[in-house]
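Thanks, everyone, for making the time. Please take a moment with the sequence and the model before I walk you through two places in it.

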Amino acid sequence: MLAGAALLTSTACGAGSAETGGGAGGGKPAVVAAFYPLQWLSEQVGGPDAAVSVLTAPGVEPHDLELGAHQMAELGDASLIVYIKGVQPAVDEAVDADKAFDAATAVKTLPAGHEEAGHDEAGHEGEAEEHDHEVSYDPHLWLDPARLATVATRLGERLAAADPAHAQGYKDRAATTAASLGALDKEFTQGLASCRSRTLVTAHEAFGYLADRYRLKQVGITLDPDAEPSPARLAEVARLAKTEKVTTVFTESLVNPKVAQVLASEVGARTAVLDPLESKPSGDYLSAMRANLTTLRTALGCGA
Ligand SMILES: [Zn+2]
């Protein structure tokens, strides 16, 4: 019975499952990361001791990922699944809690729509209706390097427990990764210390943690990258952008920039791409975040 199931799995999955499936032979633990920043983190911490794969292919917007037979088999074979509850409903439903590491449990999360609720007395209660995530917090925590450093440490502990023979390696690499993220955090703190504007008008509300960490204010056109903004929301964002003398409306490579472009021309701003790192960038997490910092410093008029 079990052998039959294993056979079916490897047939469905092709040759790849033999390499990554943590089955017989005591191979490396198979770590399945839900989407890019978690893949990067798992590779940094797992190093040569873990076989890391990713569920969301490069160039695919992760929020609406649907899982095929191959990916279900990958999840079934995984030693550890690294994900963030609330980003991908399909993954939330498919993971086996016993072998899953939810990065959102490692850090203090922010409520969804935090920017409006917390710092902007105008408020946008109506927007919650557009939000189809199943959690009440904002899941985009990887855009705060300091929080991601904490996740790295917890992931190292989790991998060390799952694969005790290589515990020291996981812990050492987690410490190195947390240190790189700490250095990145310092660069952001210094780079965004003194800016003419602190308002980020973004295509979708992915940058709440970055805004919170570095004292910026995010005004997102939509909460969900697939949602069409309502005319009322667009008018509201345009009004805010004018009041705050916003020079740049940020777009993303995986979201159609049309709405942002229309808004930008309406308020006399330009557009620039800010990468929410929901998919693999051309470099890696660190280099893409440094490119984001350069983009932010230019757009917000930040001094040395
Ligand atoms: Zn997102």
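Let me begin with a definition: a residue counts as buried when its relative accessible area is under 20%. Please also keep in mind, as we go, that this is a predicted model.

By that cut-off glutamate 278 is buried, because its relative accessibility is 3%, and histidine 204 is buried as well, with a relative accessible area of 0%. Both of these residues belong to the zinc site, where the ion is coordinated by His63 (NE2), His140 (NE2), His204 (NE2) and Glu278 (OE), at 1.9 to 2.2 Å. The angles among the four donor atoms run from 99 to 121°, and the site is tetrahedral; for reference, the ideal angle for four tetrahedral donors is 109.5 degrees. Along the sequence, the spacing of the donor residues reads H-x76-H-x63-H-x73-E. Histidine 204 sits in strand 7 (residues 199-204), while glutamate 278 sits in the loop between strand 10 (270-273) and helix 12 (285-300), so this pair ties together parts that are 74 residues apart in sequence.

Now to the aromatic rings, where the structure holds three pairs. One of them joins phenylalanine 188 and tyrosine 214, whose ring centres are 5.2 Å apart and whose planes meet at 25°, so the pair is stacked. This pair, too, links distant parts of the chain, with phenylalanine 188 in helix 8 (residues 167-191) and tyrosine 214, 26 residues away, in the loop between helix 9 (208-213) and strand 8 (217-222).

Key
Residues numbered from 1 in each chain as written. Predicted model: local features only at pLDDT ≥ 70, side-chain atom pairs only at ≥ 80, totals over all residues. Heavy atoms only, no water. Donors = N, O, S within 2.8 Å, 3.2 Å for Na, K, Ca; no water. Tetrahedral: all angles 85-135°; square planar, octahedral: opposite > 155°, others 65-115°. Helix = DSSP H or I, 4+ residues; strand = E, 2+ residues; numbered from the N terminus. Buried < 20%, exposed > 50% of the residue type's maximum accessible area, 1.4 Å probe, protein only. Phe/Tyr/Trp six-rings, centres within 6.5 Å; stacked < 30°, edge-to-face > 60°.
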